[in-house]
Amino acid sequence: MNEGIVYIMTTVMEGLIKIGIAEEKQYNERMRFLESNGYRQINGLKRYFAIKVSDYKAKEKLLQDVFSIQKLGDTELFSLEPELARRLLTAFEGTIIYPEIKDKEKEFAKLAETSEQNNRFSFTKKGLKNGDIITFIKDKNITAIVEGENKVKYNGDIWKLSPLVRKLFEDRGEVNKSGAYQGAAYFEYKGKKLKDLPDIC
């Protein structure tokens, strides 16, 4: 059946991911190598998602075709949000290798729900404006500045909320057991979670 693993790795650069393939027996070694040595002078690679599928080379080619506009030259790097690539991969028939998940259909539903929630969230609707400061609920010393409709500035970089929450969890050496990092649930404004703020428009 020509089974193999298609994987996604995030990089040190926000919004830049690597999509690749590996034989199952070589997967862990490949991950360790990339995490230690980087890829094409890009460092900070981290495992994000991996699934074992049949015809894995053809599925990798499909991903490259779908995301061809976002592909950087002849590399395996894509200027793409990892969640979007993961949602497409989760739709394939296969076994999720990383992270360890028992129920693939439940994971797909959770990702769809998270994406829908992220797409709906708007600082403007919640009455926040550029320059307003929001606080990470797990560490009151961590703040971000509202930048536009659904992005924030953190340490000089522009982030969407959910990828930033994932990073902050990883920086703390923590993992959200649900696998979901709904940004509006982990930041607050004036003592109230963003998700609980009423819409004003």
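In which loop does P99 lie? The residue is found in the loop between β5 and α4 (104-120), where helices (H or I, at least four residues) and strands (E, at least two) are DSSP runs numbered from the N terminus. The peptide bond from Y98 to P99 is cis, with omega near -10 degrees. As a general rule, most peptide bonds are trans, and most residues other than glycine have a negative phi.

The structure is a predicted model, in which local features need pLDDT of at least 70 and side-chain atom pairs count only at pLDDT 80 or more, while totals for chains, interfaces and linings use all residues. Residues are numbered from 1 along each chain as its sequence is written, and side-chain values use heavy atoms, with hydrogens and water left out.

The secondary structure of the chain comes to 5 helices and 11 strands. Of the 201 residues in the chain, 42% are buried; buried means under 20% relative accessible area, exposed over 50%, and partly exposed in between (1.4 Å probe, protein chains only). Among contacts (heavy atoms within 4.5 Å) between residues at least 6 apart in sequence, 58% join residues at least 24 apart.

An open sheet of 5 strands has the order β4-β2-β1-β3-β5, and its pairing is antiparallel. Two strands are taken to pair if DSSP finds at least two bridges between them. β4 (77-79) and β5 (94-98) are the edge strands, each pairing on one side only. Neighbouring strands of this sheet are turned by 25 degrees against each other on average, direction ignored. Axes here are lines fitted to C-alpha atoms, for helices over the stretch in contact, and angles run from 0 to 180 degrees between N-to-C directions. Strand β3 (residues 46-54) is joined to β5 by 4 bridges, and the two run antiparallel.

Helix α1 (residues 27-37) lies across β1 (3-10), β2 (16-22), β3 and β5, and runs at about 20 degrees to β1. Helix α2 (residues 56-66) packs on the sheet and touches β1, β2, β3 and β4, its direction making about 160 degrees with that of β2. K59 is found in helix α2. This lysine is buried yet has no salt bridge, the nearest side chain of opposite charge being D55 at 4.9 Å. A salt bridge requires a side-chain nitrogen of Lys or Arg within 4 Å of a carboxyl oxygen of Asp or Glu; Lys and Arg count as positive and Asp and Glu as negative, with His and the chain ends not counted. Not counting residues up to four places away in sequence, K59 touches V53, S54 and F92.

The largest nonpolar core has 23 residues, of which F123, I134, F187 and L194 touch the most other members. Such a core is a set of buried Ala, Val, Leu, Ile, Met, Phe, Trp, Tyr and Cys residues joined through side-chain atoms within 4.5 Å. At least two residues of this core come from each of β6 (133-136), β7 (143-147), β8 (151-154), α5 (161-171) and β10 (187-189). Helix α5 gives the most, with 5 residues. Apart from this core lies another, of 17 residues, among them V6, F49, F78 and F92. Leaving aside neighbours within four places in sequence, the contacts of F187 include I134, F136, L161, L164, V165, L168 and L194.

Strands β6 and β7 pair in the antiparallel sense over 3 bridges, and a hairpin joins them through 6 residues. I133 has I145 in β7 as its bridge partner. β6 is also joined to β10, by 2 bridges, in antiparallel fashion; T135 is there partnered by E188.

R40, in the loop between α1 and β3, has a phi of about 50 degrees and is partly exposed, with a relative accessible area of 45%. K190, in the loop between β10 and β11 (192-193), has a phi near 55 degrees and is exposed, at 74% relative accessible area.

K160 is found in strand β9 (residues 157-160) and counts as partly exposed at 35% relative accessibility. The C-alpha atoms of K160 and E81 are separated by 9.8 Å, the two residues being 79 apart along the chain. Not counting residues up to four places away in sequence, K160 touches N150 and K151.
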